Amino acid sequence: MHGEYKVPGGKLVVADVDVEDGRLARVRISGDFFLEPDSALEDIDAALTGMPESATAAQLAQSVSGTLDGATMMGFGPDAVGIAVRRALGRATSWSDHTFDVVHGEAIHPALNVALDQVIPEEVAAGRRGPTLRIWEWNSPLVVIGSFQSVRNEVDEDGLRRHDMMVVRRISGGGAMFMEAGNCITYSLVVPESLVEGLTFEQSYAFLDDWVLGALADVGVRARYVPLNDIASEQGKIGGAAQKRFASGVVLHHVTMSYDIDADKMLDVLRIGREKLSDKGTTSANKRVDPMRSQTGMAREDIIAAFLEHFRGRYRTRESEITSAELARAHELMETKFLSREWTYRVP
């Protein structure tokens, strides 16, 4: 069995593995990485040989770590070896194992977008929909706060009223999103957990954000991943990501990137304190907003089109849309959950 794993920003690790009586046999690790001394490669193969077929990526990595006394691994690590082996065994998947539904529809009620981030993972888990990339469009202004944020601490409700905005709590963690029509680009990526098998949470953010760094490069923005969940260019932060992992074995990963944000209005609505900015190297939240419009000179719709072209060129995709059943379920959740005071103020 054959499996491959490309380390984001690193090297390719390849695993060729046989299984006999429930254990790994004739393990052969290869790739374009660097490893010193040469004999350490034989040590890695030996450490994996005889491991249970059911061993997790973390257990495989631990076995590799335990045998590499004094060896230097460059461009990869024990965790990458574990993931490659799990892919060879069919326990972990790669991007090429999936066909992604791509959804970019009309503008809808902003809270409906939040509700769809619960509905789509339900559909993927049930097998009624494949892994999905969905671009958000919304028809009214909104503040979306993270699942664990306090409304009182994050939002100035007088500012909300002044600007005729509403606040909705999403199901994932992370920070607040200040969303007006056309001011940012937001997408949700729903994938099976097998795609991030063996990755830590931090590694999974970098792994799932890797394609959009390539898409940004296509429009002339040199961007990088900044742990834990930021995307930044040389001029500053562009956007941030958030995740939700479901017991059903599905991962929701969504990203919001600023396009043309009114920073003064944002600061009138959001309470962005000094502690929040303490590790960002700036004392002004305005300076953290670096719109893609100023960096690219491109219209928002053209940037989105370039993003989708990059995604389609990189992975196997098919065009899709929200079904009537999914939309009905999202409307139900919007009315009973996401617009309810109980959910919105569950952390007052």
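The legends below describe close-up views of a predicted model.

**View A. Helix α4 packs against helix α12.**
Helix α4 covers residues 110–126 and helix α12 covers residues 324–338. Their axes come within 8 Å and cross at roughly 120°. Angles of 65 to 115 degrees count as roughly perpendicular and those over 145 as roughly antiparallel, so α4 is oblique to α12. The crossing of the two helices is right-handed. On the α4 side the contact is made by Ala-111, Leu-112, Val-114, Ala-115, Leu-116, Gln-118, Val-119, Ile-120, Glu-122 and Glu-123. On the α12 side these residues meet Glu-326, Leu-327, Arg-329, Ala-330, His-331, Leu-333, Met-334, Lys-337 and Phe-338. By class, the α4–α12 contact has 12 nonpolar, two polar and five charged residues.

**View B. Helix α7 packs against helix α11.**
Helix α7 spans residues 201–218, and helix α11 spans residues 300–314. The two pack at an angle of about 125°, with their axes 9 Å apart. That angle makes α7 oblique to α11. The crossing of α7 and α11 is right-handed. From α7, the residues in contact are Asp-210, Trp-211, Val-212, Gly-214, Ala-215, Leu-216 and Asp-218. They meet Phe-307, His-310, Phe-311 and Arg-314 of α11. By class, the contact of α7 with α11 has six nonpolar, two polar and three charged residues.

**View C. Helix α1 packs against helix α2.**
Helix α1 runs over residues 40–48, and helix α2 over residues 57–67. Their axes come within 9 Å of each other and cross at roughly 135°. At that angle α1 is oblique to α2. The crossing is right-handed. Asp-43, Ile-44, Ala-47 and Leu-48 of α1 meet Leu-60, Ser-63, Val-64 and Thr-67 of α2. By class, the contact of α1 with α2 holds five nonpolar residues, two polar and one charged.

**View D. The second largest pocket is lined in part by β1 and α7.**
This pocket has a volume of about 370 Å³. It is lined by 18 residues, of which Glu-4, Lys-6, Arg-87, Ser-94 and Trp-95 are the closest to its centre. Strand β1 (2–6) and helix α7 (201–218) each supply at least two residues of the lining. The largest share, five residues, comes from β1. By class, the lining has eight nonpolar, four polar and six charged residues.

**View E. A cis peptide bond joins Glu-36 to Pro-37.**
Most peptide bonds are trans. The bond from Glu-36 to Pro-37 is cis, with omega near -5°. Pro-37 lies in the loop between strand β4 (34–36) and helix α1 (40–48). Helix α1 is also shown in View C, where it meets α2.

**View F. A cis peptide bond joins Pro-227 to Leu-228.**
The bond from Pro-227 to Leu-228 is cis, with omega near 0°. Leu-228 sits in the loop between strands β12 and β13. Strand β12 covers residues 223–226, and strand β13 covers residues 230–233.

**View G. Asp-21 has a positive phi.**
Most residues other than glycine have a negative phi. Asp-21 is not a glycine, yet its phi is positive, at about 55°. The residue is found in the loop between strands β2 (12–20) and β3 (23–31).

Notes:
Residues numbered from 1 in each chain as written. Predicted model: local features only at pLDDT ≥ 70, side-chain atom pairs only at ≥ 80, totals over all residues. Heavy atoms only, no water. Axes fitted to C-alpha atoms, helices over the stretch in contact; angles between N-to-C directions. Helix = DSSP H or I, 4+ residues; strand = E, 2+ residues; numbered from the N terminus. Parallel < 35°, antiparallel > 145°, perpendicular 65-115°, else oblique. Left-handed = near helix turned anticlockwise from the far one by under 90°. Contact = heavy atoms within 4.5 Å. Nonpolar A, V, L, I, M, F, W, Y, C, P; charged D, E, K, R; others polar. 1 Å grid on protein atoms, 1.4 Å probe; cavity = no way out; pocket = protein on both sides within 12 Å on 5 of 7 lines; lining within 4 Å. Points joined across faces, edges and corners; volume = space filled by probe spheres on them.
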